[in-house]
Amino acid sequence: ATARVAASPADGYTLLMAVSGDTVLPALHAKLPYDLERDLAPVSLVTIGPYLLVVHPSVPARNASDLIALARSQPGKLNYGSAGVGGGVHLAGELFKLMAKVNIVHVPYKGGSADSVLAVAVGQIDISFPNITAALPLLEARKIRSLAVTSARRASLMPSIPTLDESGLPGYDRSTWYGLLAPAGVPKDIIARLH
C-alpha cells in the first residue's frame, strides 16, 4: 500500500494511513520501492495510543511484576506474539525483554496485532502487546487478562490498569501512532485542507 501511494499522482485524492512500525521498515529491508521521506508527505497525526501487556488466563501472573518474576524463574519458557519482525508490537516486546531482563521467545504472526492477541486467547502463546481496540472484546469475554499499559500514563479508556513504569519498569514508554500521508508533491494548500 505504501509503494502504491508513493507512486500515485500528487493530487490529494490518494492517501495512506501509516502506523509507527512503517518508520522501522527502511532499517530492516535493504530494498523498498519507496523512500518515506522522499516519496511521501505528512498530512496529519491521527491518533496515539498505548499497547496493553496481556496474558492468557492460565498464566499465573496477576500483574506485570509477577510476570517478570515468572519469566526470570523460567528463562525461555514463556513466549509473546507480534505482527512480525520490526512492527510496533515486536518492538514493545523487545523493550519489555530488555528492561525486565527476561528471556521470552518472540513468535511472529503474519497479520496485525489482532492475530497475536487471538493466539493468546486460544492459548497458543502466553503474552502479547495488542492495542486496546484489538484487545477489548477478548478482555470483556475474559479470554485474556491485561496486566499493564505500555504508555507513560494510564490509558483514559482503562484507568484502573497500571503502566509498566508503575509496575517495576521505570521509564518504559511505548505507544503506537497512526498518521495520514500523501504522495510527495501534493500542493501545500491541499495538504493544509486535508490536515
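Strand β2 gives the largest share of the lining of the largest pocket, four residues. Keep in mind as you look around that this is a predicted model.

**The largest pocket**

- The space in the largest pocket comes to about 370 Å³.
- Its lining counts 17 residues, and those nearest the centre are Ile48, Gly49, Pro50, Ile132 and Ala155.
- Strand β2, helix α7 (132-140) and strand β8 each contribute at least two residues to this lining.

**The three-strand sheet**

- Strand β2 also belongs to an open sheet of three strands, ordered β1-β8-β2 and paired in the antiparallel sense.
- At the edges of this sheet are β1 (16-19) and β2 (40-50), each of which pairs on one side only.
- On average, neighbouring strands here are turned by 25° against each other, with direction ignored.
- Strands β2 and β8 (residues 175-183) run antiparallel and are joined by nine bridges.
- Within that pairing, leucine 40 sits opposite proline 183 of β8.

**The five-strand sheet**

- A second open sheet has five strands in the order β5-β4-β6-β3-β7, and its pairing is mixed.
- Its edge strands, β5 (105-108) and β7 (145-149), each pair on one side only.
- Strand β4 (residues 79-82) pairs with β6 (residues 127-128) in the parallel sense, over two bridges.
- Opposite serine 128 in β6 you will find glycine 81.
- Helix α5 (residues 88-100) lies across β3 (52-55), β4, β5 and β6, and runs at about 155° to β4.

- Serine 116 is part of helix α6 (residues 113-121).
- Is serine 116 buried or exposed? Serine 116 has a relative accessible area of 0%, so it counts as buried, the cut-off being under 20%.
- The side chains of serine 116 and serine 128 make a polar contact of 2.8 Å.
- Leaving aside residues up to four places away in sequence, serine 116 touches Gly81, Ser82, Tyr109, Ile125 and Ser128.
- Two of these names have come up already: Gly81 and Ser128 are the residues that stand opposite each other where β4 meets β6.

Definitions and conventions
Residues are numbered from 1 along each chain as its sequence is written. This is a predicted model: local features need pLDDT of at least 70, side-chain atom pairs count only at pLDDT 80 or more; totals for chains, interfaces and linings use all residues. Side-chain values use heavy atoms; hydrogens and water are left out. Two strands pair if DSSP finds at least two bridges between them. Contact means heavy atoms within 4.5 Å. Axes are lines fitted to C-alpha atoms, for helices over the stretch in contact, and angles run from 0 to 180 degrees between N-to-C directions. Buried means under 20% relative accessible area, exposed over 50%, partly exposed in between (1.4 Å probe, protein chains only). A polar contact is a pair of N or O atoms within 3.5 Å; within protein, one must be able to donate a hydrogen and the other to accept it, and residues adjacent in sequence count only if both atoms are side-chain atoms. On a 1 Å grid over the protein atoms alone, a cavity is a set of points where a 1.4 Å probe fits but cannot get out, and a pocket is an open set with protein on both sides within 12 Å along at least five of seven lines; lining residues have an atom within 4 Å of a point. Grid points are joined across faces, edges and corners, and a volume is the space filled by probe spheres set on the points.
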